[in-house]
Amino acid sequence: MSVTTPPAKTLHHLAVFGDLFDIPDRALKTLGDGVRITLFVPRSRLAACDGAEHAHAVIALADDADATAWTDAVRAVHASVPLTHALALVDHLAYEAAVAMSAIGLPFHTPTTMARVGDKALMRRTLDERGLYPVPFRLAPDLDEARAAVSGIGLPCVFKPVSGTGSAGAVMVREEKEIEAAYLEASGHGQDVLVEQFVTGPQFSVEALSEDGRHLVLAITRKYSDPATLVELGHVMPAPLSEDDAAAVARCAEDVLDAVGLTYGPSHTEVILGPGGPVPIETHARVGGDDIWLMVHAATGVDLDTVQPDQALGHSVLDSVRSTLETYAPQRRYQAVWFGAAREATTFTGADLPSGEHVQVTALRSEGDPVRPLASTNDRVVKVRATGTTADQALTLAREAAAEACAALSLDPSPTDPAHTL
């Protein structure tokens, strides 16, 4: 007589928007058996979606599907096998996820919060309503409005798509003759253009974790960007800041999180320390990219790859994270990343890019791949990670290794020079 084992009962059904990463493993460890995962992803991103093969079901809609369409898809899935948790570890579909989860009553960021996070102009208006960190800005739906915005705001200013990441479409404008080209570049991403005053000063990002509306700053990162394209070229963590400046930058990020209504999860808030104090640039309801979340782990002991999904799956994590911050003491605490890029179109030649004991060099292209002039983070072709006992040591190791890699690949070394960065 044969015995048929009944299928395991679904106890937990996860809706994941965007990439899966290692969520299946974390869900199994956190929730136990009986976990089902449905992945929601735009059709064009499906082929490159990280971890899609581990989903039990995949829902792919057209790239231009609106929040209503995604909500309808979520409702259909929920009606078949009720969803119990929702996660979005990347920017795309975060707002759509918020609308859908609100519709079915599942805990998630609110649509209002995700709208404020995803729309740079709305974030500025939200801060203005609270009298926080005013920065002159205007939306420019056409070129004439862009010229009027520059006239009212003054130069220098920044043109950028009202939403988006990776510095795509962001352009610095220092002279009136640059307005038309800047507008065409910023508007080429299918969105209205935000024109805002350029604030001079060193750039930072604040990596934080929130729970029940409480915010815990994990680390502050000093950032270095290309002055023409505003693409980030280097980072060092912890940032070399005085206690007073670090406190002011951290407080600025916390004020932004309160203003947009972010109550849980990791955040990555970009801040400029201007002549009058810190000024927020934008915030994200996710970990920082460019290896920043890995740098947080190495510098502080906090593993956001574990903490973020565990929290989203129902665990309280803030107290344990705080304890880790207070006790972790690595020998080489300072972490740095520097990138190499091209100023002109070329072909990636390939070269031996050796890593050392405290330096790791990674090629971001394969031999024969086209290399585009630096315009967004996707155009960077070499990445260097380094560790040090001081911020300056880690940064120097990373920058010098990036310069050597660029020389070996016949790339312009200027992006590896901090003197040529913001």
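The legends below describe close-up views of a predicted model.

Numbering starts from 1 along each chain as its sequence is written. In this predicted model, local features need pLDDT of at least 70, side-chain atom pairs count only at pLDDT 80 or more, totals for chains, interfaces and linings use all residues, and side-chain values use heavy atoms, with hydrogens and water left out.

**View 1. Confidence along the chain.** The chain has a mean pLDDT (the predictor's confidence in each residue, from 0 to 100) of 93, and 97% of its residues reach 70 or more.

**View 2. Packing of helix 4 and helix 5.** Helices (H or I, at least four residues) and strands (E, at least two) are DSSP runs, numbered from the N terminus. Helix 4 (residues 111–118) packs on helix 5 (residues 120–129) at an angle of about 105°, their axes 5 Å apart. Axes are lines fitted to C-alpha atoms, for helices over the stretch in contact, and angles run from 0 to 180 degrees between N-to-C directions. Ala-115, Arg-116 and Gly-118 of helix 4 meet Lys-120, Leu-122, Met-123 and Thr-126 of helix 5.

**View 3. Strand 11 beside strand 14.** Strand 11 (residues 232–237) and strand 14 (residues 334–340) run antiparallel and are joined by four bridges. Val-236 stands opposite Ala-336 in strand 14.

How values were computed: Contact means heavy atoms within 4.5 Å. Two strands pair if DSSP finds at least two bridges between them.
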